[in-house]
Each structure stands twice: as C-alpha cells, then as structure tokens.
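Trainee: I have a model with two chains open in the viewer. How should I go about reading it?
Mentor: Take a look at it first, and then ask about one feature at a time.

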Amino acid sequence: MATVYNLFIINKSGGLIFYKDYGSAERMDTNDSLRLASLWHSMHAISQQLSPTIGCFGIELLQADNFDLHCFQSLTGTKFFVVCEPGAQHMEGLLKVIYELYTDFVLKNPFYEMEMPIRCELFDLHLSQAVQKERVFILGR
Amino acid sequence: MQFFGGSAAIGITPSPAAPPGTATSLSGNNANMLYIFNRNGVCLLYREWHRPLRTLDAQQDQKLMFGLLFSLRSFTAKMDPTSVDKGNLGVPLLPGQGCSYHSFQTNTYKLSFMESPSGIKLILVTHPKTGDLRDSLRYMYNLYVEYVVKNPIYVPGSAIKLNKGQLHQFHVQSYGKSVIKERLVNILVQMQLS
C-alpha cells in the first residue's frame, strides 16, 4: 500500500508554498504546517553538516514508526516532501512527477510570483490525478 | 512502543551472543560513527571509524547531533498522520510519547536511531545502503546495560571510558563477514572503566 498522506513544497528560504492533505487523520492547521515546513528546512540543512563524507545533499528519506517521509530537493533548492505509509514504494518516482507538474503548471504560469504560495488550479488538478493514479497503480497489482 | 519486543535470543545473559541472522548486508567497513547520549544530552560515548569530513569540533558536533535528534522527535510526533491529538510543537517529549523515527538517510550516510525508555539514545551512522539496524542497536543497548550500567563504579551520566589495551585489540580484529558487527561487539564487550 502506498497511500500518500500529505504533500509539502518549500521554497529555497524554507517557507511553505504548498501544502495538501490527502488522507491523514486530522488536517493540520496552517500555522502548524508552516512551522513544520521551516523545521524540516533547518533539519535538512543540519543533516548536511553532520555527514561523515563530503557531497551530502540532505535527508532523502525519514523512516518513522507510523509513516515514511520522502524528500526531493531540486537543483534550485526547492524541496518537495511527501508523507506516506511505511514501506511505500515508488515515492521517488512520484516526487519527480510532482516536480514536472510544478515546472509545467506553476513556473510557466506568467502570473505566479517566485517563492510565493502556489495558487494554480491546473497544478492542484493534475496533482490530485497523479496521486490518485499512484494509489490505483498500487492497488491494481 | 516496540522497545521490549524483538527476539528472545537477545537475552540478558552476561555474555550475550550476537543476534541470529542479523545484518548480512553489513560487510566490510560500513559504520562511520557511533554516538550514545543520555536523556540530558550528555554524550556518553562517541566512536568514529571512518570520517573523512569533520565540519565542527567534537563538542559542537555532539551538541548539533543531539539537537537534531531532539527536533526530529518533535517533528515526527507532530507530523504523524495516523494520530488525532498531537499536542503542540516544541513541548519536550518523553521517550515513547508520540510517533518516533528509527532512521533517516541521505545520499552519503544513513543514521539509525534508538531511544530506550530511560532516555538513552543510540545513534549509528553508516553507509546509505545499510539495512535495518534496529536489532543491532537493541543488542548494543543490552551490552550497555550489562557492562556499563551494572558496573558499580560507573557514575551514571558520565562519559564511558575505554581501556587503551582493548582499543588496540579492536583494531586487530578486522576480518570476517559481519566485520562491523564484530568490531562494535568487541569494543562494547570489552568496555571497562579505567
């Protein structure tokens, strides 16, 4: 089972620009989601400092008791992370798909201001479709 | 909390045998560092085997590590999608309260974490492709209990000191399939206070 519980997108300064809940027990309120996003941004940076070898790009996977968190950082510093069920497969692929959707529907949108919260309908639509497809793909097997 | 679960083979005998069927994925020199912290943030033991990059001095590094783990605990407790009432971010959490994590990985390392009910935190930093090390950490915790806590001379909350002779022995034993398991076991099994 590869249920995605929620998705966060953080800009390069650590501010939350997108948060969508797909099925957690209780939807987080806005302030908490902002705090968690900044917290993640800092911890991602600290984890690079603690690396024993050079060339660390930060946390890519966090495994907790009740969920897994997969994080993808683009070359520009924008971070995409999904909270999903423990042991979920194909999350890296899903994150890449989300990144493509972001570049297509957010960055190419002439009215979108960089680093600002994302308010693009087409992005939301295609995102829900991608998450649904992921769910169906896993259940269909 | 799954702390007291696990195989009965990891017993409380004075010389515990290595847990069966563990970590055949660990071959060669896989571990980079080991940290043991108590609940107040005092680093009881720090061991490094392979660490080409050191960004900070030892004290700062240990504080940073502890701080990161502490914040990650708050983060996972709040982020938990399966629980309804999560409390507030920033409230100090007791061991076992709320959802906790057991490992995270980056492209260069994997950090495995275990917290005992008494607040003793064991951290192992290894190669990123390492498997699940929870059993090994639990085993190490048992060794800590046997050889450190039960030692009447040991002062709780102080750093664990290793005898110099044993360290030399540890360097010599570097062959075999589960080399890293042996190394850690040797170093911990021969733990005595100077």
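Trainee: What should I know before starting?
Mentor: This is a predicted model, in which local features need pLDDT of at least 70 and side-chain atom pairs count only at pLDDT 80 or more, while totals for chains, interfaces and linings use all residues. Residues are numbered from 1 along each chain as its sequence is written, chains are lettered from A and ligands numbered from 1 in the order in which they are written, and side-chain values use heavy atoms, with hydrogens and water left out.

Trainee: How much area do chain A and chain B bury between them?
Mentor: The size of an interface is often given as the accessible area lost when the parts come together. Buried area here is what two parts lose on being put together, taken with a 1.4 Å probe and summed over both. Chain A and chain B bury about 3500 Å², and 67% of that is on carbon and sulfur atoms. On the chain A side, A:Leu50, A:Pro52 and A:Gln63 supply 21% of the area buried against chain B, more than any other three residues.

Trainee: How many residues does each chain bring to the contact?
Mentor: Contact means heavy atoms within 4.5 Å. Chain A gives 36 residues and chain B gives 40 residues.

Trainee: How many residue pairs are in polar contact across the interface?
Mentor: A polar contact is a pair of N or O atoms within 3.5 Å; within protein, one must be able to donate a hydrogen and the other to accept it, and residues adjacent in sequence count only if both atoms are side-chain atoms. The rule finds 15 such residue pairs between chain A and chain B, both residues being at pLDDT 80 or more. As for where the chain A side comes from, its largest share, nine residues, belongs to H1(A). Helices (H or I, at least four residues) and strands (E, at least two) are DSSP runs, numbered from the N terminus.

Trainee: Which strand of chain B is joined to E3(A)?
Mentor: Two strands pair if DSSP finds at least two bridges between them. E3(A) and strand E3 of chain B, residues 101–106, run antiparallel and are joined by five bridges. In this pairing A:Leu62 stands opposite B:Phe104. Within chain B, E3(B) also pairs with strand E4, residues 110–115, in the antiparallel sense over three bridges. A hairpin of three residues connects E3(B) to E4(B).

Trainee: Is B:Thr108 buried or exposed?
Mentor: Buried means under 20% relative accessible area, exposed over 50%, and partly exposed in between (1.4 Å probe, protein chains only). B:Thr108 has a relative accessible area of 15%, so this residue is buried. B:Thr108 is in the loop between E3 and E4 of chain B. Its side chain makes a polar contact of 3.0 Å with that of A:Ser51.

Trainee: What is there to see at A:Glu115?
Mentor: Most residues other than glycine have a negative phi, and most peptide bonds are trans. Phi of A:Glu115 is near 65 degrees, a positive value. A:Glu115 also forms a salt bridge with A:Lys12, the closest N and O atoms being 3.0 Å apart. This pair links distant parts of the chain, 103 residues apart. A:Glu115 counts as partly exposed because its relative accessibility is 24%.

Trainee: Which residue forms a salt bridge with B:Glu115?
Mentor: The partner is B:Arg73, with the closest N and O atoms 3.2 Å apart. B:Glu115 is in strand E4 of chain B and B:Arg73 in helix H1 of chain B, 42 residues apart. B:Glu115 is buried, at a relative accessible area of 10%, and B:Arg73 is buried at 6%.

Notes. A salt bridge is a side-chain nitrogen of Lys or Arg within 4 Å of a carboxyl oxygen of Asp or Glu.
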